[in-house]
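Here is a quick tour of one protein model, written for someone who likes to see the cut-offs next to the numbers. Have the viewer open as you read.

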Amino acid sequence: MSGADLGREAVYAAEIAAFEGTSYETVVPFEQLLDLARLVTGAAWWPCGATEVVKARRDASSSSTRQRGSAAAVVRLAAPQMTPATLLHELAHVLAGVGAGHGERFRRAHVDLVGYAFGDAEAGWLLDAYAAVGLEPGDRTWPAPPVRGGTGGPIAL
């Protein structure tokens, strides 16, 4: 990622507006997040292959997604942020490409993942929150995630 990550603070504000006070922002056991990550990254539409999700250092206060050269991206989840919403945020960095920062391509990936994992209503919450802070998602450059089971309902967490 080059230079400033424009829009990062607005993305964070939109996430708070969309998910604060919901079960998606509740800290859950790491193993539960691994199960959710496997469901998402093991889906036929997921174009990024296996994605490693690990615990961040004990003293880490925030989660991150990093990629070195052509190696696969690694998601690191910090203990205070072990929530389904944070996991999907970090997986959106993988889907959009780590270099996309929090820009339009990231936001499209984020909305797609929220819709796939949580449901259509929750994707709408995020879209509304992005619009409220003046952000729009960009174009999709990956396959559209399917509506699971024809319902668009959330994956059981």
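## Ground rules

This is a predicted model, so to speak of local features a pLDDT of at least 70 is needed, side-chain atom pairs count only at pLDDT 80 or more, and totals for chains, interfaces and linings use all residues. Numbering starts from 1 along each chain as its sequence is written, and side-chain values use heavy atoms, with hydrogens and water left out.

## Overall fold

Reading from the N terminus, the order of elements is α-α-β-β-β-α-α-α. That comes to five helices and three strands, taken as DSSP runs (H or I of at least four residues for helices, E of at least two for strands) and numbered from the N terminus. The radius of gyration is 14 Å, close to the 15 Å that the globule rule gives for 157 residues, so the protein is as compact as a globular protein of that length. Here the radius is taken over C-alpha atoms, and the rule is 2.2 Å times the number of residues to the power 0.38. Along the principal axes, the C-alpha atoms fill a box of roughly 35 × 35 × 30 Å.

How much of the chain is buried? Of the 157 residues, 49% count as buried. The cut-offs are under 20% relative accessible area for buried, over 50% for exposed and partly exposed in between, with a 1.4 Å probe and protein chains only. As for contacts (heavy atoms within 4.5 Å), take those between residues at least 6 apart in sequence: 66% of them join residues at least 24 apart.

## Surface and charge

The protein exposes about 8000 Å², and carbon and sulfur atoms supply 51% of that area. Accessible areas come from the Shrake-Rupley method with a 1.4 Å probe, and for residues only the protein chains shown count as cover.

On the charge side, there are 13 positive and 17 negative charges, and their mean positions are 8 Å apart. Lys and Arg count as positive, Asp and Glu as negative, while His and the chain ends are not counted. Each charge is placed at NZ of Lys, CZ of Arg, CG of Asp or CD of Glu.

## Aromatic rings

Rings of Phe, Tyr and Trp (its six-membered ring) pair if their centres lie within 6.5 Å; planes under 30 degrees apart are stacked, over 60 edge-to-face and the rest tilted. By this rule the count comes to six aromatic pairs. One of them is F19 with Y24, an edge-to-face pair at 6.0 Å centre to centre with 80° between the planes. Both of these residues, F19 and Y24, are buried. Ring pairs also link F19, Y24, F118 and W125 into a cluster.

Then there is W45 with W46: the ring centres are 5.9 Å apart and the planes sit at 80°, so this pair is edge-to-face. W45 and W46 are both buried.

## Around the two tryptophans

L95 sits in helix α3 (residues 84–96) and is buried, at 7% relative accessible area. Beyond its neighbours within four places in sequence, L95 is in contact with W45, W46, P47, C48, A109, L113 and W142. Its C-alpha atom is also 9.6 Å from that of T41, 54 residues apart along the chain.

P143 lies in the segment after α5 (120–132). P143 is partly exposed at 42% relative accessible area, and it touches W45 and P47 if residues up to four places away in sequence are left aside. P143 and P47 are 96 residues apart along the chain, yet their C-alpha atoms are separated by 7.5 Å.

## Two arginines

Which of these is buried and which exposed? R107 counts as buried at 6% relative accessibility, whereas R58 is exposed at 87%.

R107 is in helix α4 (residues 104–117). Leaving out neighbours within four places in sequence, R107 contacts V11, H102, Y130, L135, E136 and P137. Among these, Y130 is 23 residues away in sequence and 8.5 Å away in space, C-alpha to C-alpha. R58 is in the loop between β1 (52–55) and β2 (64–66), with its C-alpha atom 7.3 Å from that of A79, 21 residues apart along the chain.
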